[in-house]
Amino acid sequence: MEHFKSINPATEALIATYQVMPPEEVESRIGQAHRAFLTWKTVSISERAKYLEKAADILDEKRNEFARLITLEMGKILSEAEAEVTKCAWTCRHYAQHAAGFLAPERIATDAVLSYVDFQPLGVLLAVMPWNFPFYQVFRFAAPALMAGNAGLLKHASNVTGCARAIQSVFEEAGVPEGLFSHLAIPGSRVAGVIEHPLVKAVTLTGSEKAGSSVAAHAGKHIKKTVLELGGSDAYLILEDADLDLAAEVCAYSRLINAGQSCIGAKRFIPVAAIYDEFLERFRVRMAEPILGDPFDRTADMGPLARLDLREQLHIQVLQSMEKGAKCLLGGQMLPAPGAFYPPTILTDVQKGMPAYDEELFGPVASVIRAKDERDAIRIANDSIFGLGSAVFSQDLARAEAIAAKDLEAGSCFVNSFVRSDPRLPFGGIKTSGYGRELSRYGILEFVNIKTIYVA
Ligand code: NAP
């Protein structure tokens with residue numbers, strides 16, 4: 001029997017093994033989710049909200065337990081894990097409070113006696129999720145999906161199976177119909193079989209472009225809707241009139257949060273020539289500050305990466321960039337065993353053709369790219385296959401806002417701040433960063449039948 005292993009990335013100790021589910025178990029969970037959906041779709045939105053409020057309360061009550069599980073399985077520091085659980089509760093409450101408004105029927109005047117748009121659930125949805133925010137990524141799918149009347153199946157990243165089980169338990173304890181939300185302990189190779197199941201109506205994936213492309217291709221073959229939240233290489237532009245202390249602080253924070261393993265982490269830093277040296281020195285100081293250590297230790301600012309193989313992959317990208325001419329200003333070496341620790345790293349002189357320019361670096365490695373001026377900075381920012389987030393630093397707010405709104409090719413553009421997700425705002429990317437949106441009203445509308453009713 002095949003097993004998934006949960007390994008503590010700070011110590012390399014085995015935490016638990018979980019049996020991979022046999023096909024009969026998966027079939028049974030799909031059937032159960034469908035039966036639960038048939039009940040759930042008849043429950044009013046205001047009733048559904050009570051279950052989501054209850055889920056939020058459970059998340060708050062068990063915050064410490066869940067945060068410890070997150071830290072144990074994927075290595076983020078405890079304070080970040082606690083904040084993650086709190087954000088899940090917020091997201092549940094946000095949809096509990098606003099779903100009725102988001103899904104209110106829309107009257108549209110036509111020649112009919114009555115014509116309007118209604119929003120109906122689709123049925124069983126499959127969510128393929130990553131390990132980097134092992135609770136929040138799931139809740140930002142589940143809260144709107146369930147509030148809209150759908151059922152959810154979770155295929156979580158196999159290194160965070162403990163989190164997958166805990167999330168299922170939150171919904172069970174909240175009292176939703178049995179099987180309405182359950183996790184499938186299966187490898188990626190068995191996702192195709194779930195997608196093509198007639199009772200599965202749509203799929204959302206958060207993860208790499210490779211996984212996204214494979215899932216979307218299969219879903220396309222079976223004419224099922226997909227939402228894809230994929231990688232990013234967010235560009236942060238630092239203009240000559242920026243507050244450089246603020247820019248350096250925010251850039252380092254955004255690059256190092258979650259040990260650099262965030263899709264919307266700042267990844268490419270593009271100071272214009274006029275302030276290049278001044279910014280770089282401030283940025284170097286900020287990047288050198290964090291204390292690496294046991295993520296359970298409250299004095300540590302940064303834990304390990306989530307897996308040894310991910311650290312290996314990151315280090316190869318760093319070395320290949322250096323072979324092609326990038327200079328290492330800070331960090332850049334693997335730290336001694338045990339644990340998948342990688343230090344904050346700055347690469348300068350980064351240019352097109354290097355992994356640090358062309359690819360996503362999913363760890364605490366900053367790519368610094370010098371721009372001649374504002375136009376050149378915008379050109380470099382957009383010279384990427386990705387289009388998830390971006391940020392501009394300038395004290396001329398009108399100028400920065402215009403760049404954010406008109407010039408940058410990304411799903412979110414922030415001014416004088418770091419890109420973050422917020423249940424009230426839509427989240428998603430363009431280009432290879434994916435399509436569709438999560439969160440806000442746009443997120444809940446992704447998995448509903450936008451139905452026209454016409455009474456002649
Ligand atoms: P990943 O390797 O693509 O894994 C993500 C999920 O997809 C896991 O559950 C994985 O299962 C599954 N999977 C992998 N290959 C698959 C395939 N061929 N068919 C079906 N499922 C497959 O990504 P990751 O390394 O866990 O996560 C990091 C990536 O996610 C980064 O690129 C990051 O930028 C992106 N991300 C994006 C967002 C966003 O909102 N845009 C948010 C967070 C992360 P197994 O674990 O069993 O392989």
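**Reading local features in a predicted model**

Student: Is L230 buried or exposed?

Tutor: This is a predicted model. Buried means under 20% relative accessible area. L230 has a relative accessible area of 7%, so this residue counts as buried.

Student: Where in the chain does L230 lie, and which residues does L230 touch beyond its sequence neighbours?

Tutor: L230 sits in the loop that joins β9 (225–229) to β10 (234–238). Leaving out residues up to four places away in sequence, L230 touches L205, G207, S208, E209, G212, C263, L388, T432, S433 and G434.

Student: How is a pair of packed helices described?

Tutor: Two numbers are used, the angle between the axes and the distance between the axes. Here helix α3 (residues 63–74) packs with helix α4 (residues 78–102) at about 125°, and their axes are 8 Å apart. That angle makes α3 oblique to α4. The crossing of the two helices is right-handed.

Student: Which residues make the contact between α3 and α4?

Tutor: From α3 they are R63, N64, F66, A67, R68, I70 and T71, and from α4 they are L78, A81, E82, E84, V85 and T86. By class, the contact of α3 with α4 has six nonpolar, three polar and four charged residues.

Student: What is the strand order in the open sheet that contains β4?

Tutor: The order is β3-β4-β20, three strands with antiparallel pairing. An edge strand pairs on one side only, and here the edges are β3 (106–107) and β20 (448–455). Between β3 and strand β4 (residues 114–121) there are two bridges. In that pairing, E106 stands opposite V117 of β4.

Student: Which backbone angles deserve a look?

Tutor: Take omega, then phi. The peptide bond from A337 to P338 is cis, with omega near 0°. P338 belongs to the loop between β12 (327–330) and β13 (345–348).

Student: Which phi value does D349 have, and where is D349 placed?

Tutor: D349 is not a glycine, yet its phi is positive, near 55°. D349 is in the loop between β13 and α12 (355–358). Its relative accessibility is 36%, so D349 counts as partly exposed.

Student: What are the phi and the accessibility of L439?

Tutor: L439, also not a glycine, has a positive phi of about 65°. L439 lies in the loop between β19 (434–435) and α15 (440–444). With a relative accessible area of 0%, L439 is buried.

Note on methods:
Residues are numbered from 1 along each chain as its sequence is written. This is a predicted model: local features need pLDDT of at least 70, side-chain atom pairs count only at pLDDT 80 or more; totals for chains, interfaces and linings use all residues. Side-chain values use heavy atoms; hydrogens and water are left out. Helices (H or I, at least four residues) and strands (E, at least two) are DSSP runs, numbered from the N terminus. Buried means under 20% relative accessible area, exposed over 50%, partly exposed in between (1.4 Å probe, protein chains only). Contact means heavy atoms within 4.5 Å. Axes are lines fitted to C-alpha atoms, for helices over the stretch in contact, and angles run from 0 to 180 degrees between N-to-C directions. Angles under 35 degrees count as roughly parallel, over 145 as roughly antiparallel, 65 to 115 as roughly perpendicular and the rest as oblique. A crossing is left-handed if the near helix is turned anticlockwise from the far one by less than a right angle, and right-handed if clockwise. Ala, Val, Leu, Ile, Met, Phe, Trp, Tyr, Cys and Pro count as nonpolar, Asp, Glu, Lys and Arg as charged, and the others, Gly among them, as polar. Two strands pair if DSSP finds at least two bridges between them.
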